[in-house]
Amino acid sequence: MTKELLEMAKGMHASGIMTEAAYEKITMRHFEGVRTTKQPLTGEDIRALRTKARLSQAVFADLLNVTTGYVSQLERGTKRPTGAALVLLNVIRRKGIAAIL
């Protein structure tokens, strides 16, 4: 239901029914349950995403704005992705590499 209300607010703002101030008042509590969750990925998952996209570790690292060494550590499982890298990896998993190109 929250998703539909947010969509309706977006439409009301676009049509001028809802003011900019009211639209900007929508806070994070409105997004609970709507935002996609960040799912943890294993090293094998990350390697599979990269190889499916046919990218080297260096190119993949550049797209994620991390170092090649970090990608290597992620793929070996010695580190777990966090923050922006985890979000981008989940976007790639859901929508494919084209979503961040």
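The structure is a predicted model, in which local features need pLDDT of at least 70 and side-chain atom pairs count only at pLDDT 80 or more, while totals for chains, interfaces and linings use all residues. Residues are numbered from 1 along each chain as its sequence is written, and side-chain values use heavy atoms, with hydrogens and water left out.

The chain contains six helices and zero strands, and its pattern along the sequence reads α-α-α-α-α-α. Helices (H or I, at least four residues) and strands (E, at least two) are taken as DSSP runs and numbered from the N terminus. Of the 101 residues, 25% count as buried; buried means under 20% relative accessible area, exposed over 50%, and partly exposed in between, with a 1.4 Å probe and protein chains only. The chain exposes about 7,200 Å², of which carbon and sulfur atoms supply 56%. Accessible areas were computed by the Shrake-Rupley method with a 1.4 Å probe, and for residues only the protein chains shown count as cover. Among contacts (heavy atoms within 4.5 Å) with a separation of 6 or more, residues 24 or more positions apart account for 54%.

Helix 4 (residues 57-64) and helix 5 (residues 68-76) have axes that come within 8 Å and cross at roughly 105 degrees. That angle makes helix 4 roughly perpendicular to helix 5. Axes are lines fitted to C-alpha atoms, for helices over the stretch in contact, with angles from 0 to 180 degrees between N-to-C directions; angles under 35 degrees count as roughly parallel, over 145 as roughly antiparallel, 65 to 115 as roughly perpendicular and the rest as oblique. On the helix 4 side the contact involves Q57, A58, F60 and A61, which meet T68, V71, S72 and E75 of helix 5. These residues divide into four nonpolar, three polar and one charged. In this division Ala, Val, Leu, Ile, Met, Phe, Trp, Tyr, Cys and Pro are nonpolar, Asp, Glu, Lys and Arg are charged, and the others, Gly among them, are polar.

The buried residues of helix 5 are Y70, V71, S72, L74 and E75. They pack against helix 3 (43-52), helix 4 and helix 6 (83-95). Just after helix 5, G77 takes a positive phi of about 85 degrees.

Two salt bridges were counted, a salt bridge being a side-chain nitrogen of Lys or Arg within 4 Å of a carboxyl oxygen of Asp or Glu. In one of them E75 pairs with R47, with 3.5 Å between the closest N and O atoms. Because E75 lies in helix 5 and R47 in helix 3, this pair ties together parts that are 28 residues apart in sequence. E75 is buried at a relative accessible area of 4%, whereas R47 is partly exposed at 35%. E75 also forms a salt bridge with R50 (2.4 Å, N to O). R50 likewise belongs to helix 3, so its pairing with E75 in helix 5 ties together parts 25 residues apart in sequence. Both E75 and R50 are buried. Through shared partners, R47, R50 and E75 are joined into one network.

Positive phi values also occur in loops. R54, in the loop between helix 3 and helix 4, has a phi near 60 degrees, positive although the residue is not glycine. R54 is exposed, at 76% relative accessibility. N65, in the loop between helix 4 and helix 5, also has a positive phi near 60 degrees in a residue other than glycine. N65 is exposed, with a relative accessible area of 71%.
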